[in-house]
Amino acid sequence: MSDKSEPERQQKKRRIDSERVWREDDKAAEFVSDARWNLSTETVTKCRDYLKSNGIETIQDWRECGDEGRTLLLETVGFSIRESSKITEFLLMKIQEPLDDEQKLNKKLLWCGSGKLLEDDLTRQGSFVRDAVSVETPQTFTRRRGDRDIRIVLGPSGSGKTLYALNTLALQGNLQQESGPAVGVYFSLHQHDKKNFETALTTATYIRDQSKMAIQAFLGELHDSQVKNHLNLKMLVSVIIDEAASYPEVMGDINVLSKTYDELKSIASHVRLIVAGTGMDGISMDLSSATDVFKYRMQPWKEYHFEKAAEKQNTPDTQMCVRAIIQSPILSKLITNARSAMFTIEAVLLIKRGYSSVDVKGSLTSIVHVVLGQYISSNGIGRLSDKEKRLLAFAVFHELKDANQLKKARFPILNKLHGEDGEDRIRRKALGVLDVNVESQGNTINFVGDHKVSVSITPALS
């Protein structure tokens with residue numbers, strides 16, 4: 001028989017709970033159960049539901065809501081003035097336990113080298129696309145063998161590859177566990193000197209050292225640009241290599257990627273190497289998802305992706321323009337690509353400005369010209385000469401024609417570019433407008449999912 005009554009045990013538990021020192025990465029849903037608030041079960045349940053529906057996962061998330069956000073949360077849930085003031089005071093002043101390195105880094109996305117927060121430099125496309133990209137996981141083959149967590153994100157220009165890599169894959173957890181602290185370090189390869197990517201060794205050591213510098217700089221531990229040999233972080237460190245087609249010789253070589261991954265193991269208990277970039281379909285064709293890497297393919301957007309992306313601009317004008325775009329057979333094609341969808345809503349909003357309604361029929365040609373012009377400028381095709389643009393269009397047209405006639409699983413050849421001046425450069429731009437629907441698995445090439453043609457083109461570009 002127990003020597004303590006149930007009320008005594010409950011009282012002891014409440015005392016222990018009320019002495020707990022909370023940390024910023026603790027769960028907000030657990031925080032509201034703290035005995036010192038003396039909240040009813042009903043109030044705790046309502047608060048947890050509100051936190052969950054508003055994406056407030058940790059105490060730090062709650063603190064970052066600002067005074068107005070915190071007040072609104074407490075009032076909505078129905079806390080008393082006394083309860084509100086106690087919790088607010090605690091949130092602002094009483095989180096005393098110092099964070100360890102893993103907690104400081106958790107959920108952060110850093111620029112390589114400098115360690116500055118990447119979110120401060122996200123483009124307007126990033127802001128527009130971020131939520132919509134996570135609506136649907138791209139098609140992928142699950143790798144059957146190997147223990148290196150190397151992931152390739154594929155898709156045409158403007159399809160949301162970078163945002164998917166950053167906001168979904170980078171902080172997703174590791175192969176052994178789906179949750180836990182994670183930090184991302186971001187590289188945009190076209191900003192880095194080619195001499196750093198000449199061999200497997202130079203590539204691996206450069207990416208490793210730049211990643212270490214970013215983490216140490218963020219933690220305030222980088223002195224005279226000296227990086228530590230080992231950081232020994234007990235967390236997932238994801239390194240995102242974007243614009244990878246800038247150096248195709250190394251980024252398409254499994255030996256280079258494997259060497260880089262192995263060097264990154266000196267940083268943390270778990271690492272992930274994510275490679276993304278327009279044109280990676282052709283560069284990574286020899287990398288098999290059966291043995292080498294995980295591959296993800298961004299899919300064309302559907303209407304609900306576009307609606308999701310426009311939610312944050314939830315004004316009457318925006319919603320009116322969204323309906324007009326979806327109802328237009330021509331403009332609804334433009335929103336199948338994430339980037340051109342952003343250009344389309346901006347163009348239609350300009351037409352709507354100053355009017356009580358929006359009529360896109362009389363402005364279709366102008367809208368299409370503006371959107372496609374912005375899209376071409378954004379993906380580098382605009383920097384090609386007129387002759388090179390014609391060659392690109394000719395090669396893409398014939399590739400699509402051959403794919404529809406042959407009905408055979410093969411990677412794009414673009415043979416109409418063979419022998420032309422600037423062939424490699426034009427080829428990379430051409431691959432940037434194609435959806436490649438095949439995958440190498442060992443010695444075979446197979447169609448992805450239900451596809452029956454090897455290449456297609458996003459309706460936005462057709």
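A crossing of two helices is right-handed if the near helix is turned clockwise from the far one by less than a right angle, and left-handed if anticlockwise. Keep that in mind for helices α14 and α15, whose crossing is right-handed. The model on screen is a predicted one.

**Whole protein**

Start with everything shown. The protein has 462 residues, and buried residues make up 48% of them. Colour by secondary structure to see 20 helices and 11 strands. Among contacts between residues at least 6 apart in sequence, 72% join residues at least 24 apart.

**Stop 1: α14 and α15**

Select residues 303-310 for helix α14 and residues 316-327 for helix α15. Their axes come within 11 Å and cross at roughly 165°. Angles over 145 degrees count as roughly antiparallel, so α14 is roughly antiparallel to α15.

Now show side chains. On the α14 side, pick E303, F306, E307 and A310; these meet T318, Q319, V322, I325 and I326 in α15. By class, this contact of α14 with α15 has five nonpolar, two polar and two charged residues.

While here, select C321. Is C321 buried or exposed? With a relative accessibility of 0%, C321 counts as buried.

**Stop 2: α3 and α5**

Move to residues 41-53, which form helix α3, and residues 66-77, which form helix α5. The two axes come within 9 Å of each other, crossing at roughly 135°. That angle makes α3 oblique to α5. The crossing in which α3 passes α5 is right-handed.

Which residues make the contact? From α3 they are T43, K46, C47, Y50 and L51, and from α5 they are L72, L73, T76 and V77. Sorted by class, the residues of the contact of α3 with α5 are six nonpolar, two polar and one charged.

Stay on C47, one of the α3 residues in this contact. C47 has 0% relative accessibility and counts as buried. If you look for disulfides anywhere in the structure, you will find zero.

Next select T71, which has its place in helix α5. Its relative accessible area is 38%, so T71 is partly exposed. T71 and S84 are 13 residues apart in sequence, and the C-alpha to C-alpha distance is 7.8 Å.

**Stop 3: the loop between α7 and β1**

Go to the loop between α7 (101-105) and β1 (109-111), where N106 is found. N106 has 17% relative accessibility and counts as buried. Which residues does N106 touch, leaving out those up to four places away in sequence? They are G180, P181, A182 and M235. Show these four together with N106 to see the contacts.

Then select K107, which lies in the loop between α7 and β1. K107 counts as partly exposed, at 40% relative accessibility. Check its backbone as well: phi of K107 is near 70°, a positive value in a residue other than glycine.

**Stop 4**

For the last stop, select residues 386-406 for helix α19 and residues 423-431 for helix α20. The axes of α19 and α20 come within 10 Å and cross at roughly 55°. The helices α19 and α20 are therefore oblique to each other. Their crossing is right-handed.

Show the side chains of E388, L391, L392 and V396 in α19, and of R425, I426, K429 and A430 in α20; these residues make the contact. By class, the contact of α19 with α20 holds five nonpolar, no polar and three charged residues.

Finally, pick L414. Where is L414? L414 has its place in the loop between α19 and α20. At 1% relative accessibility, L414 counts as buried. The phi angle of L414 is near 50°, a positive value in a residue other than glycine.

Key
Residues numbered from 1 in each chain as written. Predicted model: local features only at pLDDT ≥ 70, side-chain atom pairs only at ≥ 80, totals over all residues. Heavy atoms only, no water. Axes fitted to C-alpha atoms, helices over the stretch in contact; angles between N-to-C directions. Helix = DSSP H or I, 4+ residues; strand = E, 2+ residues; numbered from the N terminus. Parallel < 35°, antiparallel > 145°, perpendicular 65-115°, else oblique. Contact = heavy atoms within 4.5 Å. Nonpolar A, V, L, I, M, F, W, Y, C, P; charged D, E, K, R; others polar. Disulfide = S-S within 2.5 Å. Buried < 20%, exposed > 50% of the residue type's maximum accessible area, 1.4 Å probe, protein only.
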